[in-house]
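Hi,

Here is the structure I promised you. Have a look at it first, then read my notes below.

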Amino acid sequence: MELDERKKKILQAVIRNYLETGEPVGSRTISKYTDLNLSSATIRNEMADLEEMGYILQPHTSAGRIPSDKGYRLYVDTMMEEKERKVEEMEEMLLKRQDKMETLLKQVAKVLAQNTQYASMISVPQNRGAKLKFIQLSRVDARQLLAVVVTEGNVIKNNIIRVEEELNDETLLKLNILLNTHLTGLTIGEINLAMIAYMKQQAGIHGDIIGEVLDAVATSIHEEEDLEIYTSGTNNIFRYPELADHRKASELINTFEEKQLLTELLQDPGQGSGGTGIQVYIGEESSVQSMRDCSIVTATYELGGGMKGTIGIVGPKRMDYEKVVGTLRTIQSQLDEMYRDDKE
């Protein structure tokens, strides 16, 4: 007898319902639980076939069905294959997007420097306030679990969690369902103590694992990686006599080459006046000592999915502010359009 798509969906519905309730599952429950639009009689016949094939059991004559070990095995293998496929697809897509993004941002910095005749900088977008898409727990060996955390923007983080004893497939499956049921679609700020306590209670003796997974989630979302910054046009500094002094120019160029100090300007520049994302720092207003004789204009750009970065222009205090602000607004709009076109 063949396990066709309809039987697979009914088996999945039986297993999911049983995992949630712990009670044997009847045909009427399945008819409400699935989108197959089948009658209870048809579902009973399919469940009888599944029982004959060894995927479900009937603990009592008048009771519904529960999954067998064979049923659990098929469900776990299918689920894990699907999750692994999604992760692989996301990782491949992310690598392609990163290559494309690096080329684009370097070109943006170059164009800004050429158009304004000032120095330019742009940060690679980061996830801010990202929401969880899903979590996958899988076994590495008897004492280690791999927690794959996927957030908005398809950012993937892998975390190893050590366990005291090996978890069987059913326990691992229940933990995956528990985590994804309660956490998918939330930001780290929305995961409160009451929710954590409830999840630990539901996990029973495996509550510590829930705690470690939540720590891994928090680390994945809040992890502050080195902010990558691309720069261009630093030689434009020598065009302006007030910045061309050997000492001042040397300090400015070192700042652009080392880049650590630029992070202070580009990490979280604020939303600027009127929520436009434009921010202007004149002279002493700059947090970077070597730029106290300069003016800096920054703009926040957004590529969707919580991915945000910052563009900056550095020039003399007598810079053409109107032109610079207009240019940055144009770049903001163009990056937004490029992102939307890429999605379509």
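**Two tyrosines on the inside**

Tyr118 and Tyr240 are both buried. Keep in mind as you look around that this is a predicted model.

So what do these two do with each other? They form an aromatic pair of the tilted kind, with 5.6 Å from centre to centre and 40° between the planes. A search of the whole structure turns up 1 aromatic pair. Where do Tyr118 and Tyr240 lie? Tyr118 is in the loop between α4 (69-116) and β3 (119-123), while Tyr240 is in the loop between β8 (229-232) and α8 (246-258), so the pair ties together parts that are 122 residues apart in sequence.

**A strand residue**

Is Leu145 buried or exposed? Its relative accessible area is 2%, so Leu145 is buried, given that buried means under 20%. Leu145 and Ile161 are 16 residues apart along the chain, and their C-alpha atoms are separated by 5.0 Å.

**Out on the surface**

Now turn to the outside. Glu164, Glu165, Asp208, Glu212 and Asp215 make up a negative surface patch. One of them, Asp208, sits in helix α7 (residues 207-222). Why does Asp208 count as exposed? Its relative accessibility is 62%, and exposed means over 50%.

Happy browsing!

Notes: Residues numbered from 1 in each chain as written. Predicted model: local features only at pLDDT ≥ 70, side-chain atom pairs only at ≥ 80, totals over all residues. Heavy atoms only, no water. Patch = residues over 30% accessible without salt bridge, like charges linked within 9 Å, V, L, I, M, F, W, Y side chains within 5 Å. Areas by Shrake-Rupley, 256 points an atom, 1.4 Å probe, with all protein chains shown as cover. Salt bridge = Lys/Arg side-chain N within 4 Å of Asp/Glu carboxyl O. Lys, Arg positive; Asp, Glu negative; His and termini not counted. Charge placed at Lys NZ, Arg CZ, Asp CG, Glu CD. Helix = DSSP H or I, 4+ residues; strand = E, 2+ residues; numbered from the N terminus. Buried < 20%, exposed > 50% of the residue type's maximum accessible area, 1.4 Å probe, protein only. Phe/Tyr/Trp six-rings, centres within 6.5 Å; stacked < 30°, edge-to-face > 60°.
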